[in-house]
Amino acid sequence: VRFPEDLEDDNTTFNPEYSHQVFGDDEVAFGYKGLKILLYYIAGNLSTLFRMEYTAKVNENFDCVEADDVESKIREIIPPGFCTNTDDFLSLLEKEVNFKPFGMLLHTYSVHNEEAGQDITYQIYKADMTCPGFREYHERLQTFLMWFIETASFIDVDDERWNYFLVFEKYNKDGATLFATVGYMTVYNYYVYPDKTRPRVSQMLILPPFQGEGHGARLLETVHRYYMSSPTVLDITAEDPSENYVKLRDFVLVKLCQDLLCFSPGKLMQGFSQEMVMEAQQKLKINKQHTRRVYEILRLRATDMGDAEQSRSYRLDIKRRLIGPYKKKQRELAKMRRCLRPEELTNQLNQIDLNMQHEQLEESFQQLVSDYRRVLERLAQA
């Protein structure tokens, strides 16, 4: 909500992707007819209005059953101090002009908005719990995780190893410049013996109205650049990354790496090298596993897949990496031959069909190439 009229505007409304973390695996609120659970957030400081609407509700006296206590479930995730009536909420909206982003400005960028017919400015900040008012703001911000990240949990904000990176949109209202929350990322700084840290991305969310505009890539690249400048950082990883996050990371890391000398077309065609691992780690804080993926994407770009020899060389190079788990199975099979009785061995062999392995390997390769092509297409448009 930026303007009072937004309260009645369905265009500013978005629905949760998940609600099982609040309402259980069935995602059901029992005992209501026409139930609407309404949560409004002021665009900048995220002050909250909670309302419930329904046309009918079961009654314990007449129906002998009790409706779910929806309000208490919502209260478990949104912090105290939220509004329950519109007038209080609108009076807070009038004070929104005083809201300013928290922490240190890291990056400013613009995105052209077709609907508005103009460029819109966004800013990325790094904050921590010492920023006045940030703790309370973060409590409101993290409530979105429960609706949009499937295995979300709230973090221990008293642990000083957490860093917070925030994206805001700048907009005008009655001649004043205001800020709207776009998304954020939390990063935990793990200690690595003897004197390094390994920042690990924990949570990342761009709010639905802003998705598909490239803010996630801007945020991840800004965070990488922030840590790249630190001599104590070893490399940057992610905790249990989603499929979408991996695609985003592929794009950002390839964009960062493509100008390094070790990734020149000539060197790419010679195969994956220790030089690539060293340069990507030292200059860009990228670990070996991610560097290998960057190499495969950039080598695909440098390869003429219409040339039989180049195409075969690329395919074999990728499959040599992909076959690792299958080779492990073969080693396990060799052990079985020595240890198991014939009938036990037959039973195990039935589970390890070599033809099926070859099919799975080819399927994995084709899927990987498809994913890599999408990264290269996005890179060409950037």
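**Close-ups of salt bridges and surface spots**

**View A. Glu-221 and Lys-255 pair up through their side chains in a salt bridge, N to O at 2.9 Å.** A salt bridge here is a side-chain nitrogen of Lys or Arg within 4 Å of a carboxyl oxygen of Asp or Glu. This pair ties together distant parts of the chain, 34 residues apart: Glu-221 sits in helix α7 (residues 215-228) and Lys-255 in helix α8 (residues 243-257). Helices are DSSP runs (H or I, at least four residues), as strands are (E, at least two), numbered from the N terminus. Glu-221 is buried at 13% relative accessibility, while Lys-255 is partly exposed at 32%. Buried means under 20% relative accessible area, exposed means over 50%, and partly exposed is in between (1.4 Å probe, protein chains only). Before you zoom further: this is a predicted model, where local features need pLDDT of at least 70 and side-chain atom pairs count only at pLDDT 80 or more, though totals for chains, interfaces and linings use all residues. Residues are numbered from 1 along each chain as its sequence is written, and side-chain values use heavy atoms, with hydrogens and water left out.

**View B. Arg-299 meets Asp-317 in a salt bridge, with the closest N and O atoms 3.4 Å apart.** Arg-299 comes from helix α11 (residues 288-302) and Asp-317 from helix α12 (residues 308-322), 18 residues apart. Arg-299 is buried, at 3% relative accessible area, and Asp-317 is buried too, at 9%. Both belong to a salt-bridge network that also takes in Arg-292, Glu-296, Arg-320 and Arg-321.

**View C. Lys-319 bridges to Glu-362, closest N and O atoms 2.3 Å apart.** The two are 43 residues apart, with Lys-319 in helix α12 and Glu-362 in helix α15 (residues 354-381). Lys-319 is buried at 17% relative accessibility; Glu-362 is partly exposed at 28%. Across the whole structure, a search turns up 18 salt bridges.

**View D. Val-28, Phe-30 and Val-65 make a nonpolar patch on the surface, together about 230 Å² of accessible area.** Patch members have over 30% relative accessible area and no salt bridge; like charges are joined within 9 Å, nonpolar side chains (Val, Leu, Ile, Met, Phe, Trp, Tyr) within 5 Å. Areas come from the Shrake-Rupley method with a 1.4 Å probe, and for residues only the protein chains shown count as cover. Val-65 lies in the loop between α2 (60-63) and α3 (70-75), partly exposed at 33%.

View E. Glu-94 is in helix α4 (residues 86-94) and is exposed, at 65% relative accessible area.
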